Amino acid sequence: MSDKTASVPAAGQRGKSLASTLGKSWVLIFLLLETVYFCFRSEGFANPNSLQIMLFYGVLVFLLATAELFVIVTGGIDLSVGYVLGFASIISIKVIEKLTGMGLDPGLALLLGVAATLVVGLIPGLINGWLVAYLKVPPFIATFAMVGVCHGISELIINGVYAMGLPKLASDIGSGHMLYIAPGGALSLFQKPVVERGVSVLEIVPNIVVVTAVVVAIFAFLLSRTKFGRHVYAIGGNMDAAERAGIPVKRRILGVYATSSFLASLAGVVYAFMYVSGKADAGASLLLDSIAAVVIGGASLFGGSGTVGRTMVGALIIAVLDLGLRMSGTPTFDKYILVGVILILAVIMERYMQERA
Amino acid sequence: MNGESAARDGKGFLGTRAGQALATNWAAFFLVLMLITFSLTGRNFLSIVNFQNVVHLQTVPLLLAIAETFVIITGGIDLSVGFVMGLASVGAAKLMQLFLASGLTPGLSIALSMLIVLAGSLVPGLVNGIVITKFKVPPFIATMGMFGIANGLALRISQGYPMIGLPDVLPKIGNSYLLYVRPGDFVSFFAKPENFPDNRVRELLRLIPLSLPFILIVIAALAFTLRRGRFGRHTYALGGSMDASIRSGIAVDAHLVKVYVLSSALAGLAGLFNIFQTGIGNYTTFNAQYEFFAVAAVVVGGASLAGGKGRIWSSVVGVLVLAFLENGLAISGVKPFYRYIAVGVLLVVAVVIDKLFPDMR
Amino acid sequence: MDYLLETRNITKRFGGLTAVDRVSIGLRAGEALAVLGDNGAGKSTLIKIISGVHKPDEGEIFIGGKPARIDSPMDALAAGIETIYQDLALAENLDVGANIFLGRERMKRSLGILKVLDDQAMREEAQKVLDRLDIHIPSLKKTIRTLSGGQRQAVAISRSIYWDAKVLIMDEPTAALGVAEQKKVLNLVRTLKDQGIGIIIISHQMYDVFEVADRLAVMRRGVLVGERIVKETNPDEVVGLIVGSETVGKER
Ligand SMILES: Nc1ncnc2c1ncn2[C@@H]1O[C@H](COP(=O)(O)OP(=O)(O)OP(=O)(O)O)[C@@H](O)[C@H]1O
Ligand SMILES: [Mg+2]
């Protein structure tokens, strides 16, 4: 590449720029190496279908990591995403159940139920944001308090068990695919063709992966290309400067926590459609994963840095790890250990690379 | 100018001395208020049995909160305490199983396992401390990494099931009382009299669970260290100003490592308490959230996450507030789920009060 | 009196402490007014009031002879009062263009509907104003974090100028700079004066004051203890005013 430019850089310089590009994209390289490793390690991993499966099981982390990123860019943290997810999974099922019970068409009930959940799902974030921005409660405390509140309300609604009772259409969507190819080449969109037992249909692109991709892309745009996004970075970089430049800092922080809980609620809805059930602690174990994804993606907990793209690379590292370990028959326990180790190494690596640059 | 009276006028009652005292120790006042309320609303709330139970069940949260107090005063946080506690519990259980299987006596198995686990529980803290000081990883991330690692190891050891088959004496010791009294008949220390039938043990007045003096000793010793010892002084100094501490010649890095080691050692001790009380090796589930409740208790007790502020006894009050809140609501017949909500609300109130009165401790 | 900006009897208390005590000053277009005083004299507090960060407990602010309400930084900016703070108030994680347009981002339409940030245009505009002030910064795509102290100062000044400041307030503009960069900033101040901008400079450096200021006002413990025309005074007298050994002039 550099050969094409008019001024040919000196060898040393070129070496340095190579090192710094490598440094900047070390997460990508890590992801690549990890994938290659599992291709050899886990039988059946080197298969295009694994990619789909990996993305399918990764959607919750993709959504929660995006949620967490917005908050982390402002220098905050949102501990409540996991329990907001659980809360939303329950709300969506309960509302949809009510609506279908009233004799509504399942499709309409789903649509209304999801819309209602997403609106209700803004509330925890608005409260978090209000506490953080206006009452100056540290984000850690405010959002942990919200964990308690969401947990409590969720359990109250379902009385300590599960929420169930989604119409079949929900699971059709939740575990369905965009495109099906029956043997003989018959294509069908959305609808799984009816085939004889034992005949396998090629399934391409899970619906929820498409939904997640679209949503993540929209929020990536919001963060990188809009005024709101620019303000979020400014707040994380220098809150005083943002304030003095006339940015409505409090409103923006409110917006950020609302964004976070909106995305977490969406993840809750996706969870409900995937697993056709809802429970209070559905997302409890995902907090580590989502914060880890953001940090592995190079964002600093002090705020001001991080992008959705890099966060997704971080999330993919975790998703590949998850599937790779499962397929190699390793107990999932090891995932926690490895995520913990990668999390710490990522920060050390990032710092090292920055010092070199 | 009459600045002082102006300042007082500005804050009304809270500007007065009594108001200040109330605001400073609001958690303690709140605790008392809560005890009074629940005594009225819950039938068996105000009883020795109930109070002893609460304290007994809170030994683990107390140890974790004390651990967290030291770390939070330095301006850090230790998210790994809950899972380190779980790891210690299943680790000790595994060791006991192994020692028993190799033919060691129960007593020796227990003693050896305890020693190994206590020594081993220094390791997570050492790693945390080194990662934080040498590699400059923020405490939140370093200990969150350890949170994952300890959790994974604990699940690996236990395979995700409670570990049974441990010596029977464990829960007997762990749940015994200092005094067994049959009013007008006898007083016995540490265990019920041999000849007294097992099935009638409930008729006895059992006083002072063994865990109480233990935990009191730990609390008192650490409270003394923090308030009076050089170790404590340096801990506050670090949280107050890292810069000033470095310039005044405190070995900042070494001290921080020690604080994180202390924290995980206390978590390990909590794991041992846990195994003695339950008689099984318990891995910690995600929704137990011990680490978050420990942080919550410390904050309710008046510490600031920004560092430099906090006291052991205040954290103890914080733990008791959360514990009696749960216990009192339960006894008063409130659904258990409300307590999660109550804890959340209380936490926010604590911080808001703290914001209104900075610089008080 | 054709003051561009005037304060009358501004008072600000923090609890029992009166940080600014009935201070009245005025500033004309194209003039540089230096505000001097020992640490804690109340200089920063005074300018924070003018720039809308603090609300005064008493007193009024006049802009162009008319009473003005300045309740927030936004009000001050709208009135053409730009402030460069001691800490510069730049977002170090953003680039030069983004900082000059912080809070007032330039947008463009993308695909006809979506409004997106126009970083290209912001950088071009940034380049123009930097050129106008004869400031050189190698790459406008670089974040502020990678710039030198003087360059940062220049970016902060460019930001104010770009937004048509009528009044520019500078809190210790040269404090953290090397000698060469100090000179540049002082030159910049002269350029700005020539463009008709009124400037309030806070400084502990007597040299700065005598180099660029036209008038000076001295504060001590919140009170304005004297005003001088720079040409008619000397450093000794000013130091006397600051430390209070020689209480002359407008004592209240
Ligand atoms: N937000 C605040 N709350 C309470 N007191 C304050 C606040 N801001 C300033 N003060 C006090 O008001 C007084 C004046 O402070 P100010 O910052 O205006 O001084 P200064 O003249 O700018 O000093 P320096 O030369 O050190 O910058 C000081 O005693 C300071 O402690
Ligand atoms: Mg000042």
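Biologist: What kind of pair do B:Tyr177 and B:Tyr180 form?
Modeller: B:Tyr177 and B:Tyr180 sit edge-to-face, with 6.1 Å centre to centre and 85 degrees between the planes.

Biologist: Are B:Tyr177 and B:Tyr180 buried or exposed?
Modeller: B:Tyr177 is buried, and so is B:Tyr180. Buried means under 20% relative accessible area, exposed over 50%, and partly exposed in between (1.4 Å probe, protein chains only).

Biologist: Which residues form one aromatic cluster?
Modeller: That cluster is formed by A:Phe140, A:Phe144, B:Phe140, B:Phe292 and B:Phe293.

Biologist: Before I go on, what am I looking at, and how are things labelled?
Modeller: This is a predicted model, where local features need pLDDT of at least 70 and side-chain atom pairs count only at pLDDT 80 or more, while totals for chains, interfaces and linings use all residues. Residues are numbered from 1 along each chain as its sequence is written, chains are lettered from A and ligands numbered from 1 in the order in which they are written, and side-chain values use heavy atoms, with hydrogens and water left out.

Biologist: Okay, how many helices and strands are in chain B?
Modeller: Chain B has 17 helices and three strands. Those are DSSP runs numbered from the N terminus: helices are H or I with at least four residues, strands are E with at least two. The radius of gyration of chain B is 22 Å, close to the 21 Å that the globule rule gives for 361 residues, so chain B is as compact as a globular protein of that length. That radius is taken over C-alpha atoms, and the rule is 2.2 Å times the number of residues to the power 0.38.

Biologist: What box do the C-alpha atoms of chain B fill?
Modeller: Roughly 80 × 55 × 35 Å along the principal axes. Buried residues make up 51% of the 361 in chain B.

Biologist: And chain A, how many helices and strands there?
Modeller: Chain A has 15 helices and three strands. Its C-alpha atoms fill a box of roughly 70 × 60 × 40 Å along the principal axes. A compact globule with 357 residues would have a radius of gyration near 21 Å, and the 22 Å of chain A agrees. Of those 357 residues, 55% count as buried.

Biologist: How about chain C, what is its secondary structure?
Modeller: Eight helices and twelve strands make up the secondary structure of chain C. Its radius of gyration is 19 Å, close to the 18 Å that the globule rule gives for 252 residues, so chain C is as compact as a globular protein of that length. In chain C, 56% of the 252 residues are buried.

Biologist: Switching to charges: how many positive and negative side chains does chain C have?
Modeller: Chain C has 35 positive and 35 negative side chains, with the centres of the two sets 4 Å apart. For chain B it's 26 positive and 15 negative, with centres 2 Å apart. In chain A the mean positions of 24 positive and 19 negative charges are 10 Å apart. Lys and Arg count as positive, Asp and Glu as negative, and His and the chain ends are not counted. Each charge is placed at NZ of Lys, CZ of Arg, CG of Asp or CD of Glu.

Biologist: Where is A:Phe190?
Modeller: A:Phe190 is in the loop between strand E2 (186-189) and strand E3 (202-206) of chain A. A:Phe190 is exposed, with a relative accessible area of 52%.

Biologist: What does A:Phe190 touch?
Modeller: Not counting residues up to four places away in sequence, A:Phe190 touches A:His177, A:Met178, A:Leu179, A:Tyr180 and A:Asn207. Contact means heavy atoms within 4.5 Å.

Notes
Rings of Phe, Tyr and Trp (its six-membered ring) pair if their centres lie within 6.5 Å; planes under 30 degrees apart count as stacked, over 60 as edge-to-face and the rest as tilted.
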